[in-house]
Amino acid sequence: NGSIGAEVGTNEFINSSLISQAMVNRLNGKGRVVQLNWNVLHALRDRTAAFDAVMKESPGIKVVKKIEVKVPGQVDDVYAQLTNLFASDKNIDAVWIGWDELAPPAVRAIQQAGLATKTFVVGFDGNPFAWDLIRSGSPYVMEPASPFEPMGEKALATLEKLIDGETLPSKTIYMKPCFMTKATVPAKGQFPDWAKCAFFPGEIG
């Protein structure tokens with residue numbers, strides 16, 4: 001009948017609640033932030049919904065601008081949008097991006113505006129190029145990283161159960177991400193221990 005037997009992934013509302021609150025905490029509850037996202041995909045809308053929920057409970061945080069990113073062309077658009085913003089307003093403390101493909105242009109715009117020691121960036125997903133940015137000490141400082149390899153293994157195991165006629169307790173299977181910071185990011189070319197990695201900042205160190 002074309003229905004999906006099961007979906008394996010991470011809970012993006014939880015991920016965004018975590019990273020959005022971590023951003024607020026890093027700012028000690030006070031600051032001016034910019035949010036950039038493409039609210040077309042369900043997962044990205046979940047991330048925005050959690051961002052909004054955290055901001056609602058953070059009276060010391062001012063969301064200066066919420067930018068709907070143009071896709072395709074998202075990398076160039078993010079660089080142009082932030083460059084234009086910084087030209088008129090350099091008092092931006094943090095940039096929240098909906099996925100980490102946007103990290104390189106965001107970092108570039110921040111660095112070229114002379115804000116590398118003031119403005120930091122948070123995002124999502126766990127792509128190696130984003131880990132390079134975190135590792136290098138760039139303005140991109142943290143993200144929840146999805147366990148892509150374990151997710152694939154779980155999807156195969158779940159498919160086998162469905163083929164065998166087993167009934168799943170839920171058609172949605174959530175996996176635990178890893179919280180990536182300069183303290184937790186693996187060495188270049190390496191991956192974290194997905195089973196043992198920290199998800200909450202308090203588990204680090």
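User: Which residues of helix 4 are buried?

Analyst: Buried means under 20% relative accessible area, exposed over 50%, and partly exposed in between, with a 1.4 Å probe and protein chains only. Helices (H or I, at least four residues) and strands (E, at least two) are DSSP runs, numbered from the N terminus. In helix 4 the buried residues are Ala103, Pro105, Ala106, Val107, Ala109 and Ile110. This is a predicted model, where local features need pLDDT of at least 70, side-chain atom pairs count only at pLDDT 80 or more, and totals for chains, interfaces and linings use all residues. Residues are numbered from 1 along each chain as its sequence is written, and side-chain values use heavy atoms, with hydrogens and water left out.

User: What do the buried residues of helix 4 pack against?

Analyst: Contact means heavy atoms within 4.5 Å. The partners are helix 3, strand 4 (94-97), strand 5, helix 5 and strand 6 (140-145).

User: At what angle do helix 3 and helix 4 pack?

Analyst: Axes are lines fitted to C-alpha atoms, for helices over the stretch in contact, and angles run from 0 to 180 degrees between N-to-C directions. Helix 3 (residues 74-88) and helix 4 (residues 103-112) pack at about 25°, and their axes are 8 Å apart. Angles under 35 degrees count as roughly parallel, over 145 as roughly antiparallel, 65 to 115 as roughly perpendicular and the rest as oblique. Helix 3 and helix 4 are therefore roughly parallel to each other.

User: Which residues make that contact?

Analyst: Helix 3 contributes Val75, Val78, Tyr79, Leu82, Thr83 and Phe86, while helix 4 contributes Pro105, Ala106, Arg108, Ala109, Ile110 and Gln112.

User: Where should I look for backbone exceptions?

Analyst: Most residues other than glycine have a negative phi, and most peptide bonds are trans. Here the bond from valine 71 to proline 72 is cis, with omega near 0°. Proline 72 sits in the loop between strand 3 (61-68) and helix 3.

Asparagine 28, not a glycine, has a positive phi of about 55°. Its loop joins helix 1 (12-26) and strand 2 (31-37). Aspartate 125, also not a glycine, has a positive phi of about 120°, and lies in the loop between strand 5 (120-122) and helix 5 (128-135).

User: Is asparagine 28 buried or exposed, and is aspartate 125 buried or exposed?

Analyst: Asparagine 28 has 68% relative accessibility, so it counts as exposed. Aspartate 125 has 15%, so it counts as buried.

User: What follows helix 4?

Analyst: Glycine 114 follows helix 4, with a positive phi near 75°.
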